[in-house]
Structure formats: C-alpha cells, structure tokens
Amino acid sequence: MQLNHARWLPGILTAVVLSVLPALVFAVEEGVHAPDFSLPYVEQPDKSVQLGDLRGKLVYVDFWASWCLPCLRSLPQINTLYQKYRDQGFEVVAITIDDPIEDAQDFMDDLEVPLSYHVVADQTADIMDAYGVVGMPTSFLIDRQGVVRKVHKGFREGDTDLLEQTLLGMLAE
C-alpha cells in the first residue's frame, strides 16, 4: 500500500503554521510598551519583581531555560554588563520557564559566578506567551518609559558587545 503524501501534507503544513502563527502575530515588537508582569524569584519564591516598579530605568528582560546551551554563555556575560552599568540605572530581569523550578536552581548553582540581577520564574509560561517568545534565549531592552527598544533572539559571540553599544546610546539619552 502506497501513501498519498499529496493528500495529507497540506494538512500537516497548515497545522504547523497555525501553531506558530499566534506567537508571530502577537510577538512584542520594538516600539511598543512592554507587557507588565510580576514574577517570583527563583531563589526566594515568596518575593517577586514587577516590571512596572522598574519604570525610569533601562531594563533588559531575558527569557531563558536550563536546557538552553546559549543561555549558559549569555547569562554570565549579561551579569558583567549589569555590574558595569547598574549604578547608571540599568536593570536585568532574567525569566526562566523551567518547570520544575529545581532545574533552574541547579543551572544557577553550576554557574562559575553567581548572577547578581533579578532571576525570576515563569513556570506557567504566561509571560513568555505575552511577549511572543518562541525560542531561547530571547531578550527585550526596555527604555525608561517602558517601551521596547530592542528585541534580540538567540545568542552568539559578539552579541554582548552589540547590546553594550545600544545600552550606552540609551544611557546617554
């Protein structure tokens, strides 16, 4: 018996497109206000950070997961930038989507240098969905008025230098 690929292939392609389409249509883009959120800290789940409370600062929101190899490289590099510019009003909120949360805790324990910025958990992935994130890491650089100025997907060597250039320009505004 021979399968007729021409019959079922369009249905599969349609299903794939429809499953990705909501994230593409509703993805947060440069120039729009960043959706507000309040999320618990990974290490102190009884405490939380709210994006709106950081208004007036430049905020780098970074979605990551413990299984993300580029995240292992990017998180420490972002930590270096945070330490360099935090006194000038730069904040970082790293949002993990790990569930169980112990995966994120183990990941953080394995880092050579502890992260000194906000590390919070989005175990329901509601905030990830609100931002339209479809891959890890994905980051959003938000200005003092809460407007997304830069969206970046993935992480490659040199990305931190590009972020720093953009950040310096925004700090000078």
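How do H2 and H5 lie relative to each other, roughly parallel or roughly perpendicular? I started with this pair and then went through the rest of the chain.

**Basis.** I am working on a predicted model, where local features need pLDDT of at least 70, side-chain atom pairs count only at pLDDT 80 or more, and totals for chains, interfaces and linings use all residues. Residues are numbered from 1 along each chain as its sequence is written, and side-chain values use heavy atoms, with hydrogens and water left out.

**Entry 1, H2 and H5.** I took helices (H or I, at least four residues) and strands (E, at least two) as DSSP runs, numbered from the N terminus. Two packed helices are described by the angle between their axes and the distance between the axes. For helix H2 (residues 69-85) and helix H5 (residues 159-171) I noted an angle of about 25° and axes 11 Å apart. The axes are lines fitted to C-alpha atoms, for helices over the stretch in contact, and angles run from 0 to 180 degrees between N-to-C directions. H2 and H5 are therefore roughly parallel to each other; angles under 35 degrees count as roughly parallel, over 145 as roughly antiparallel, 65 to 115 as roughly perpendicular and the rest as oblique. Their crossing is right-handed, meaning that the near helix is turned clockwise from the far one by less than a right angle.

I then listed the contacts (heavy atoms within 4.5 Å). From H2, the residues Gln77, Ile78, Leu81, Lys84 and Tyr85 meet Thr160, Leu163, Glu164, Leu167, Leu168 and Leu171 of H5. Sorted by type, the residues of this contact are seven nonpolar, two polar and two charged. Here Ala, Val, Leu, Ile, Met, Phe, Trp, Tyr, Cys and Pro count as nonpolar, Asp, Glu, Lys and Arg as charged, and the others, Gly among them, as polar.

I looked at threonine 160, which is in helix H5. Its relative accessibility is 10%, so threonine 160 counts as buried (buried is under 20% relative accessible area, exposed over 50%, partly exposed in between, with a 1.4 Å probe and protein chains only). Leaving aside neighbours within four places in sequence, threonine 160 is in contact with Gln77, Leu81 and Phe155.

I searched for pairs of cysteine sulfur atoms within 2.5 Å and the count came to one disulfide. Cysteine 68 is joined to cysteine 71, S to S 2.3 Å. The torsion about their S-S bond is about 80°, so the disulfide is right-handed. Both cysteine 68 and cysteine 71 are buried.

I found a cis peptide bond from aspartate 99 to proline 100, with omega near 20°. Proline 100 sits in the loop between strand E4 (90-96) and helix H3 (101-109). Methionine 136 and proline 137 are also joined by a cis peptide bond, with omega about -15°. Alanine 125 has a positive phi, near 65°, and is not glycine. I placed alanine 125 in the loop between strand E5 (118-121) and H4.

I located histidine 33 in the loop between helix H1 (5-25) and strand E1 (38-40). At 53% relative accessibility, histidine 33 counts as exposed. Its C-alpha atom is separated by 9.4 Å from that of aspartate 143, 110 residues apart along the chain.

I recorded five helices and seven strands. Of the 173 residues, 43% count as buried.
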